[in-house]
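Welcome! Try each task before you read its solution.

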Amino acid sequence: MDDAVRLESLTKTYGSGDSAVSALRETSLSFPRGSFTAIMGPSGSGKSTLLQCAAGLDRPTSGRVFIDGQDTSGLNETRLTELRRASTGFIFQSFNLLPSLTAEQNVALPMRLAGRRPPRGAVRQALAQVGLEKKAGSRPSQLSGGQQQRVAIARALVARPAVLFADEPTGALDLSTGRELLVTLRALAGPDGGTPSGPGTDGRVTTTIVMVTHDPNVAAYADRVLFLADGGLVGELLQPTAEAVAARMTHLAVTS
Ligand SMILES: Nc1ncnc2c1ncn2[C@@H]1O[C@H](COP(=O)(O)OP(=O)(O)OP(=O)(O)O)[C@@H](O)[C@H]1O
């Protein structure tokens, strides 16, 4: 199976001795190209740690992380940074746009900071992918919250990453704006999951999405929901509904 990200027996321990905290315990997972996965679990179950390790932003204590087919364990910091820039994108609850730059300039910024000129048309294409082709010249203050988050997604997509990580991407948005954004994310991943990454026959670029959320309604937009408890994978739901996700979360809250 061709995976955008694969985690093998990942363990992450913070601190040592009596104060050691096991945030992840020998967790193995894979994220097939074109899939949209939501990660859920009680507070402290290891969701953020998993996302940080899977994105190459933090190193596991043991185990391996493969990003876009490459084993990250043997990479030095420079090579890991290069791989992260080329193959991953990240969006957060806060949009983190620079207010003095236009949407187009914000999207191009990470590549420019890395000393690269965005490929011709790539910035416009990324904005078009999130439905903002007409707002390229607008500054963040001229855009709604949902539009600002779309610019942040376009910025994460401009390098055509193999995987897009999202940490509570709708947390700062109202319900209907959040729903619209999730429909966009849904469309960026393959229509049915498992669609290969890269330009499809219609020229559309698909990506792989890994999203952490606390909200069953948000998780229901994914192809699959993974449940974490106490640093380990404890369940999976395919083609989830919000009701089924909520029921599993209630069960976890009672049993963990
Ligand atoms: N830098 C750190 N130093 C020490 N312990 C940490 C650190 N980061 C996380 N932890 C601990 O690791 C465990 C997992 O934390 P993590 O943030 O991954 O959980 P989470 O599921 O994302 O929680 P939340 O839903 O509250 O954000 C928790 O017990 C947390 O206290």
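**Exercise 1. Find the strands that helix H5 lies across.**

Solution. Start with H5, residues 145–157, which lies across S6 and S7. Next, compare directions: H5 runs at about 165° to S6. Helices (H or I, at least four residues) and strands (E, at least two) are DSSP runs, numbered from the N terminus. Contact means C-beta atoms, placed from the backbone, within 7 Å. Axes are lines fitted to C-alpha atoms, for helices over the stretch in contact, and angles run from 0 to 180 degrees between N-to-C directions.

Please keep in mind that this is a predicted model: local features need pLDDT of at least 70, side-chain atom pairs count only at pLDDT 80 or more, and totals for chains, interfaces and linings use all residues. Residues are numbered from 1 along each chain as its sequence is written.

**Exercise 2. Work out the strand order of the six-stranded sheet.**

Solution. The order is S6-S7-S10-S3-S11-S12, in an open sheet with mixed pairing; two strands pair if DSSP finds at least two bridges between them. At the edges stand S6 (88–91) and S12 (232–238), each with a single partner strand, so one side of each has no neighbour in the sheet. Further in, S3 (residues 36–40) and S10 (residues 208–212) run parallel and are joined by four bridges. As an example, Ala38 has Met211 in S10 as its bridge partner.

**Exercise 3. Is Ala103 buried or exposed?**

Solution. First locate Ala103 in helix H3 (residues 103–113). Then count: 28 other C-beta atoms lie within 10 Å, so Ala103 is buried. The cut-offs are 20 or more for buried, 12 or fewer for exposed, and partly exposed in between, with C-beta atoms placed from the backbone. Lastly, list its contacts; leaving out residues up to four places away in sequence, they include Leu127, Leu132 and Val151.

Notes:
Contact = placed C-beta atoms within 7 Å.
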